[in-house]
Amino acid sequence: MKVVLFCGGYGLRMRSGASDDMPKPMAMVGPRPLIWHVMRYYAYFGHTEFILCLGYGAHHIKNFFLNYEETTSNDFVLRGGQTELLSTDIASWTITFVQTGIESPIGERLRRVRHHLDGDEMFLANYADVLTDAPLPEMIDRFARRDAGASMMVVPPQSSFHCVELGEDGLVGGITAVSELPLWENGGYFVLRQEVFDHIPENGDLVADGCAQLAKRGRLVAHQHRGFWKPTDTVKERAALDAAYARGERPWAVWEQGGAGAGATGSRAGAGARA
């Protein structure tokens, strides 16, 4: 299935200074940016057709892939001054770059790439800045069996705060960690059918408009995931992921763990090719 990635936001909380115009998906985790980690996740499960919804800082994303260096994250042999790759990352990927506007909401970005989906009944979508080890094939299979317009991965609340129950006299009746409440939040991994476009107005939002309307009609399903899931909304969160990568703690890197990836890349076939 095709994978739509929303990577055109400003990412203001990720900025390191006034001169920093790097879009959030290009923040580094190890030797590669966030968007690469997300794409490698999908590619591991056989989904290698990507549609990038560009906006702010689009030239950074374009330049990264146009000047991609396979040797950065792959083993190779240097023989007679020529590089022989032992494995590849993106040689089998197809990447469509689409400028979807600087100020466009997520739903509008999706609307503007609809014609690139070729009318596919189902497709995947992601914010391009959240890492997880969620079982994607299971998520897709469960949705495919359901009569619904969209599936949203949901995760337990990540907040470290506590909720306080107050009585009318101001006495505290109880204290509960937000993470222990029977609540779920949007995890940013979607499986969608074309039906979602019927509920996203011009300049609308994917979740607040599209998913909300489907929910009212009983056509939105949730995939609950209690495993690894980490957003990167702040510099601190990105730094924590980078530090974990350096320690070798990379649960999101399913391609390094082997197993049941449907389309894991890494053979020498096509080595040296570019997306």
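Guide: Let's start at one side chain: that of Asn186 reaches the backbone nitrogen of Gly188 at 2.8 Å. This is a predicted model, where local features need pLDDT of at least 70, side-chain atom pairs count only at pLDDT 80 or more, and totals for chains, interfaces and linings use all residues. Residues are numbered from 1 along each chain as its sequence is written, and side-chain values use heavy atoms, with hydrogens and water left out.

Visitor: Which side chain does the side chain of Asn186 make a polar contact with?

Guide: That of Tyr127, at 3.1 Å. A polar contact here is a pair of N or O atoms within 3.5 Å; within protein, one must be able to donate a hydrogen and the other to accept it, and residues adjacent in sequence count only if both atoms are side-chain atoms.

Visitor: And where is the place of Asn186?

Guide: Asn186 is in strand β13. Helices (H or I, at least four residues) and strands (E, at least two) are DSSP runs, numbered from the N terminus. Leaving aside residues up to four places away in sequence, Asn186 touches Tyr127, Met152, Met153, Val207 and Trp229; contact means heavy atoms within 4.5 Å.

Visitor: How accessible is Asn186?

Guide: Asn186 counts as partly exposed, at 25% relative accessibility. Buried means under 20% relative accessible area, exposed means over 50%, and partly exposed is in between (1.4 Å probe, protein chains only).

Visitor: Let's zoom out. How many helices and strands are there?

Guide: The protein has seven helices and 15 strands. Of its 275 residues, 46% count as buried. Among contacts between residues at least 6 apart in sequence, 76% join residues at least 24 apart.

Visitor: Can we look at one helix? Which residues of α5 are buried?

Guide: In α5, which runs over residues 206–216, the buried ones are Leu206, Gly210, Cys211 and Leu214. They are on the same side of α5, because they cover an arc of only 80 degrees around the axis. That arc is taken from the directions from the helix axis to the C-beta atoms.

Visitor: What about the other side of α5?

Guide: There, Ala208 and Lys216 are exposed.

Visitor: What covers the buried residues of α5?

Guide: The cover includes β1 (2–7), α3 (106–112), β10 (150–155), β13 (185–193) and β14 (220–224).

Visitor: Which residue caps the N-terminal end of α5?

Guide: Asp205 does, with a side-chain oxygen 3.0 Å from the backbone nitrogen of Val207. After α5 comes Gly218, whose phi is positive, near 70 degrees.

Visitor: New topic: how many salt bridges does a search of the whole structure find?

Guide: The search finds 16. A salt bridge is a side-chain nitrogen of Lys or Arg within 4 Å of a carboxyl oxygen of Asp or Glu. Side chains of opposite charge can pair when their charged atoms come close.

Visitor: Which residue does Lys2 meet in a salt bridge?

Guide: Glu49, with 3.9 Å from N to O. Lys2 lies in strand β1 and Glu49 in strand β4 (residues 49–54), so the pair ties together parts that are 47 residues apart in sequence. Lys2 counts as buried at 11% relative accessibility, while Glu49 is partly exposed at 39%.

Visitor: How far apart are Arg111 and Glu108 in helix α3?

Guide: Arg111 and Glu108 are three residues apart in α3, which means that about one helical turn separates them. Their side chains meet in a salt bridge (2.9 Å, N to O). Arg111 is partly exposed, with a relative accessible area of 32%, and Glu108 is buried, with 6%. As for networks, salt bridges that share partners join Lys2, Glu49, Asp118 and Asp120 into one.

Visitor: Last stop, the surface. Which residues form a nonpolar patch there?

Guide: Val164, Leu166, Val172 and Ile175 do, with about 410 Å² of accessible area together. The elements giving two or more residues to this patch are β11 (162–166) and β12 (172–177). Patches are made of residues with over 30% relative accessible area and no salt bridge: like charges are joined within 9 Å, nonpolar side chains (Val, Leu, Ile, Met, Phe, Trp, Tyr) within 5 Å. Accessible areas come from the Shrake-Rupley method with a 1.4 Å probe; for residues, only the protein chains shown count as cover.

Visitor: Is Leu166 buried or exposed?

Guide: Leu166 is exposed, with a relative accessible area of 62%.
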